[in-house]
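Please read them with the structure open.

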Amino acid sequence: MSWNSYSAARRRTVNGIKAKSTRGVIGESWWSQRFIAVLESFGMGTRLTRGRSYARSGQVLELAVRSGEVVARVQGSRAHPYSVVLEVDIFPATQWAKVEQVLVEDSVLLADLLAGRMPEEIESVFSYCGLTLFPTMREFDTDCSCPDWTNPCKHVAAACYILAERFDEDPFQLLAWRGRTKTELLRRIETLRDEVAWALPRDPAEDESGDLPLADLTEDFWRSPAPLPGPLHKVAGLPETNLLDQLGEMGVELGGQDLAELLRPAYITLARR
């Protein structure tokens, strides 16, 4: 098939992932619009326009974000969908460590992230660390299995628009594309917060609570803090056998005598000691 016949071929109608936006710009959040602006700055021109049409008609069948790449299948004019790959540089662990350290030190940014929001100032954090959150032309590489020799093609553009709306739904997918999932990032931030908290100097006043360590109390553990009262019958002026008298006969006999009477001498002896 000649290039002219390919250009004139109509795309096949499918029911794939349709862009939510039916007219105007695609992307609602500042980060998705920023991503589209970056693509437009690459000089994709009319291919973005045609890609937008593809995105709105549901030509993108599948799209998945992975570390360093986005893979998609886009239906064109041929029977089989085209395979699209959007590659971007991922940040190594040492560079992510710098970003995470700055985030931990900024309580406002950190609060937004822990609440699942992507603050606009985060772009400045990456810039401060010598990085770019959004891809530059140098590190952004695309590929499509279609016969169009111009890269990026309209199929790539369509995948980019659907990707922008994915970023709307979950801004952390942008960070995952750069090599850090939301779970990994928040876990690292929590770890750093704990390390910072333990490293802070303690206030001596916090240790002056007046409570002694348990090791210093073992000798006095069984001692009463106040003198114990004397025998009850002496304190209250009661008979030595008052308790037995209150009980009355126990109803248990030994040798013809009630048990209470048998115990009376023992009570008297113990009371006098």
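This is a predicted model: local features need pLDDT of at least 70, side-chain atom pairs count only at pLDDT 80 or more; totals for chains, interfaces and linings use all residues.

1. A term first: a crossing is called right-handed if the near helix is turned clockwise from the far one by less than a right angle, and left-handed if anticlockwise.

2. Helix 2 (residues 30–41) passes helix 7 in a right-handed crossing. The axes of helix 2 and helix 7 lie 8 Å apart, at an angle of about 155°. Angles over 145 degrees count as roughly antiparallel, and helix 2 and helix 7 are therefore roughly antiparallel to each other.

3. Which residues of helix 2 meet helix 7? They are Trp31, Ser32, Phe35, Ile36 and Leu39, and their partners in helix 7 are Cys160, Tyr161, Leu163, Ala164, Phe167 and Asp168. By class, this contact of helix 2 with helix 7 has nine nonpolar residues, one polar and one charged.

4. The other pair is helix 3 (residues 46–56) with helix 7 (residues 154–169), whose axes come within 7 Å and cross at roughly 60°. That angle makes helix 3 oblique to helix 7. The crossing of helix 3 and helix 7 is right-handed.

5. On the helix 3 side, Arg47, Leu48, Arg50, Gly51, Arg52, Tyr54 and Ala55 make the contact. On the helix 7 side, the residues are Lys154, His155, Ala157, Ala158, Tyr161 and Ile162. The contact of helix 3 with helix 7 divides into seven nonpolar, two polar and four charged residues.

6. Tyr161 of helix 7 deserves a look in the viewer: Tyr161 is listed in the contact with helix 2 and in the contact with helix 3.

Note on methods: Residues are numbered from 1 along each chain as its sequence is written. Side-chain values use heavy atoms; hydrogens and water are left out. Axes are lines fitted to C-alpha atoms, for helices over the stretch in contact, and angles run from 0 to 180 degrees between N-to-C directions. Helices (H or I, at least four residues) and strands (E, at least two) are DSSP runs, numbered from the N terminus. Angles under 35 degrees count as roughly parallel, over 145 as roughly antiparallel, 65 to 115 as roughly perpendicular and the rest as oblique. Contact means heavy atoms within 4.5 Å. Ala, Val, Leu, Ile, Met, Phe, Trp, Tyr, Cys and Pro count as nonpolar, Asp, Glu, Lys and Arg as charged, and the others, Gly among them, as polar.
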